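Subject: Structure handover

Hello,

Here is the structure I promised to pass on. My notes follow below it.

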Amino acid sequence: MPTIHVQQARLHEYTCPLVSPVTWAGTTYHRRRVLVIEIQDENGRWGRGEAAPLPGFSSERFEDAHQVLKEAISILPGEDVPLPTPLPFDWPASARFAVESALLDLVAQSYDVTRGHVLQWVAWDFFGQSEVLPPTDAVSTACLIAAAPE
C-alpha cells in the first residue's frame with residue numbers, strides 16, 4: 001500500500017466575499033468562511049484541501065471543522081499516511097473532505113496527473129474493467145465512487 005510521508009501541515013482561514021449575496025434557509029450571506037489545509041510530503045510538494053461548511057445547509061459547524069483540522073495539522077507531521085487512509089467518521093464531513101483532497105492532490109502531483117485521473121484509477125481498480133466504466137471518463141468514475149455501497 002502506498003504511503004505519503006508528511007513533512008509538515010498547516011491551516012489557513014479565509015473569509016471570502018461573495019460576488020452576490022446568497023440566501024439559504026432564511027439567512028443572507030455576503031461572505032463565506034473557508035479553511036484550507038496544506039500538507040507537505042517528503043519531496044516538498046504541497047497538497048491542498050478545502051473545508052467550507054455552510055451554516056443552515058447541514059448540522060455541521062465551521063468551528064467543529066476548524067477544531068478537527070487544527071488537531072490534524074498537529075498530528076500529521078512525521079506520519080506515514082497509508083493510501084487510501086480511513087479517517088475518523090466522527091469528523092465533520094468537510095474536514096474529512098479537506099484532508100482527503102490534500103492527500104489526493106499530493107498523489108496526483110507525484111504522478112503528474114490531475115486529481116480526476118487519480119480518482120479514475122481508484123475506481124478502475126475498485127470496479128475492474130468494464131464497458132460501463134471507460135478509462136477516460138473521470139466524472140463518471142467519481143459518481144460511481146460516490147454511489148458505491150459501503
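I start with Arg-31, which sits in strand β2. Please keep in mind that this is a predicted model.

Arg-31 is exposed, because its relative accessible area is 53% and the cut-off for exposed is over 50%. Beyond its neighbours within four places in sequence, Arg-31 is in contact with Thr-15, Cys-16, Pro-17 and Leu-18. The C-alpha atom of Arg-31 is 8.7 Å from that of Val-19, twelve residues away along the chain.

Leu-18 belongs to strand β1, residues 3–24. Leu-18 has 31% relative accessibility, so it counts as partly exposed. Leu-18 is also one of four residues in a nonpolar surface patch; the others are Val-22, Trp-24 and Phe-57. Together the four have about 360 Å² of accessible area.

**The chain as a whole**

The chain has four helices and four strands. Their order along the sequence is β-β-β-α-β-α-α-α. The chain has 150 residues, and 34% of them count as buried. Take the contacts with a separation of 6 or more: 56% of them join residues 24 or more positions apart. The accessible surface of the chain is about 9,400 Å². Carbon and sulfur atoms account for 57% of that surface.

**The core**

In soluble globular proteins, nonpolar side chains tend to be buried together. Here, the largest nonpolar core holds 29 residues. Ile-37, Ile-39, Leu-69 and Val-99 have the most contacts inside this core. The elements that give two or more residues to the core are β1, β2 (27–41), α1 (62–75) and α2. Helix α2 gives the largest share, nine residues.

Ile-39 is worth a look on its own. Not counting residues up to four places away in sequence, Ile-39 touches Val-6, Gln-8, Ala-9, Arg-45, Trp-46, Gly-47, Leu-76, Val-99, Ala-102, Leu-103 and Leu-106.

Which residue forms a salt bridge with Glu-38? The partner is Arg-48, and the closest N and O atoms are 2.7 Å apart. This pair links distant parts of the chain: Glu-38 is in strand β2 and Arg-48 is in strand β3 (residues 46–51), ten residues apart. Glu-38 is buried because its relative accessible area is 7%, under the 20% cut-off. Arg-48 has a relative accessible area of 37%, so it is partly exposed.

Asp-105 also reaches Arg-48. The side chain of Asp-105 comes to 3.0 Å from the backbone nitrogen of Arg-48. Asp-105 lies in helix α2. At 14% relative accessibility, Asp-105 counts as buried. Leaving aside neighbours within four places in sequence, Asp-105 is in contact with Trp-46, Gly-47, Arg-48 and Arg-115. Trp-46 and Gly-47 are also among the residues that Ile-39 touches.

**The salt-bridge network**

The structure holds eight salt bridges. Which residues are linked in a network of salt bridges? They are Glu-13, Arg-33, Arg-61, Glu-63 and Asp-64.

- Arg-61: 45%, partly exposed.
- Glu-63: 38%, partly exposed.
- Asp-64: 31%, partly exposed.

**A backbone detail at Asp-112**

Asp-112 has a phi near 55 degrees, a positive value in a residue other than glycine. Where is Asp-112 placed? It is in the loop between α2 (93–111) and α3 (115–127). Buried or exposed? Asp-112 counts as exposed, because its relative accessibility is 73%.

**Where to look**

Then go to the core through Ile-39, one of the residues with the most contacts inside it. Finish on the surface with the patch of Leu-18, Val-22, Trp-24 and Phe-57.

Best wishes

Technical notes. Residues are numbered from 1 along each chain as its sequence is written. This is a predicted model: local features need pLDDT of at least 70, side-chain atom pairs count only at pLDDT 80 or more; totals for chains, interfaces and linings use all residues. Side-chain values use heavy atoms; hydrogens and water are left out. Patches are made of residues with over 30% relative accessible area and no salt bridge: like charges are joined within 9 Å, nonpolar side chains (Val, Leu, Ile, Met, Phe, Trp, Tyr) within 5 Å. Accessible areas come from the Shrake-Rupley method with a 1.4 Å probe; for residues, only the protein chains shown count as cover. A salt bridge is a side-chain nitrogen of Lys or Arg within 4 Å of a carboxyl oxygen of Asp or Glu. Buried means under 20% relative accessible area, exposed over 50%, partly exposed in between (1.4 Å probe, protein chains only). A nonpolar core is a set of buried Ala, Val, Leu, Ile, Met, Phe, Trp, Tyr and Cys residues joined through side-chain atoms within 4.5 Å. Contact means heavy atoms within 4.5 Å. A polar contact is a pair of N or O atoms within 3.5 Å; within protein, one must be able to donate a hydrogen and the other to accept it, and residues adjacent in sequence count only if both atoms are side-chain atoms.
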